[in-house]
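User: I would like to go through a protein structure with you, one topic at a time. Could you help me read it?

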Amino acid sequence: MDNEKRISVRHGFVVESFSPGDGPSETVDAVPGSRMAGHVLGYRGYRTDRGGSALMRVIPATRVLLDISLEAPPRVLGAGPVPPVALYGMRTAPTRLSRSDGLGIVVELPPHVAYSVFGAVDDTVLDGADLLGGRAGNLVEGLAAAPGWRERMALLDDTLAAWTAAGPAASPRVVWAWRRLCRTGGRLPIGRLADEVGWTRRNLLTRFRDQIGLSPKAAGRVIRFDRALRLLRREPPLPLSAVAQIAGYSDQPHLTREFRSLAGGTPAELAGRRSHSFKTALDSSG
């Protein structure tokens, strides 16, 4: 079947195009159980057996993405295969991927929780085996052997709860600074943020970068972008000039430049059609 051009945006991934084939495709969205509520933002299981392939981008998001491939991990274009347990820190540039049929789960984590689980996370594609050792392979084996989605999500709850409890705790001041930046749409001056936290500017920069993965200034860019993207995909649509003003850009050209730099596309492209893949809601909180 001919390649079908489409832009869909979900969970920090942009699907640029895919050859759909004629096999089934399934996604399963789940909320974390009670132990990980507030620590995990969501789970998304996926299974494709289309006999096709997709071109994708990982774009900036106000969360860290843990992509666990149980079959056929994607490839970074111009590089090589992504590790079976891959961690995408908050981005300041897109990463382009090619993905064929497969089975896997994406976990969305706040950056300070990702720090507790994995240690320092930056804006590159990180190999879970480098961060977790043999635990990464054990997790893949356990998820692959689980009989269904509910069991996989329960295993993730158990595993992430144990890893979070055993990992380093993010500084309460860093967590507060991150949430303060989010509440202000990434527009709070860094000097004022340091004053509110009660640290010197240098101390804030160092601790924030170590535990969030970006500097406060870079994180502010990602927060503004994320807010603008959400506004663009609302119904009914807002004019680009209104989105730029609400999200904190100086004007519409500034918005467009930031979208090209951070996500490799224009605001109009990223506000395009939503995914029409089959979706099943699954509540894993029981």
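User: Which residues are buried in helix 3?

Analyst: Ala-136, Leu-139, Val-140 and Leu-143 are buried in helix 3. Buried means under 20% relative accessible area, exposed means over 50%, and partly exposed lies in between, with a 1.4 Å probe and protein chains only. Helices here are DSSP runs of H or I with at least four residues, strands are runs of E with at least two, and both are numbered from the N terminus. Please note that this is a predicted model, in which local features need pLDDT of at least 70 and side-chain atom pairs count only at pLDDT 80 or more, while totals for chains, interfaces and linings use all residues. Residues are numbered from 1 along each chain as its sequence is written, and side-chain values use heavy atoms, with hydrogens and water left out.

User: Strand 5, then. Is it mostly covered or open?

Analyst: Strand 5, residues 64-69, is mostly covered, since six of its six residues are buried. Val-64, Leu-66 and Ile-68 are buried on one side, and Leu-65, Asp-67 and Ser-69 are buried on the other.

User: How many bridges join strand 5 to strand 8?

Analyst: Six bridges join strand 5 to strand 8 (residues 95-109), and these strands run antiparallel. Asp-67 has Val-106 as its bridge partner in strand 8. Strand 5 also pairs with strand 7 (residues 85-88) in the antiparallel sense, over four bridges. There, Leu-66 has Leu-87 as its bridge partner. Two strands count as paired if DSSP finds at least two bridges between them.

User: How many residues are in the largest nonpolar core?

Analyst: The largest nonpolar core has 32 residues, and Tyr-43, Ile-68, Val-107, Phe-118, Leu-156 and Leu-160 have the most contacts inside it. Such a core is a set of buried Ala, Val, Leu, Ile, Met, Phe, Trp, Tyr and Cys residues joined through side-chain atoms within 4.5 Å.

User: Which element gives the most to this core?

Analyst: Helix 4 gives the most, with six residues.

User: What is Leu-160 in contact with?

Analyst: Apart from neighbours within four places in sequence, Leu-160 is in contact with Met-36, Val-40, Tyr-43, Val-107 and Val-117. Contact means heavy atoms within 4.5 Å.

User: Changing topic: how many salt bridges does the structure hold?

Analyst: The structure holds eight salt bridges. A salt bridge is a side-chain nitrogen of Lys or Arg within 4 Å of a carboxyl oxygen of Asp or Glu. One of them joins Arg-221 and Glu-258, at 2.9 Å from N to O. This pair links distant parts of the chain, with Arg-221 in helix 8 and Glu-258 in helix 10 (residues 252-263), 37 residues apart.

User: Is Glu-258 buried or exposed?

Analyst: Glu-258 counts as buried because its relative accessibility is 12%. Arg-221 counts as partly exposed, at 23% relative accessibility.

User: What about Arg-230 and Asp-226?

Analyst: Their side chains meet in a salt bridge of 2.8 Å, N to O. Both residues lie in helix 8, four residues apart, which is about one turn of the helix. At 11% relative accessibility, Asp-226 counts as buried, whereas Arg-230 counts as partly exposed at 48%.

User: One last topic: which peptide bond is cis?

Analyst: The peptide bond from Glu-235 to Pro-236 is cis, with omega near -5 degrees. Pro-236 lies in the loop between helix 8 (216-232) and helix 9 (240-247).

User: And what is phi of Ala-72 near?

Analyst: Phi of Ala-72 is near 35 degrees, a positive value in a residue other than glycine. Most residues other than glycine have a negative phi, and most peptide bonds are trans. Ala-72 is placed in the loop between strand 5 and strand 6 (75-76).
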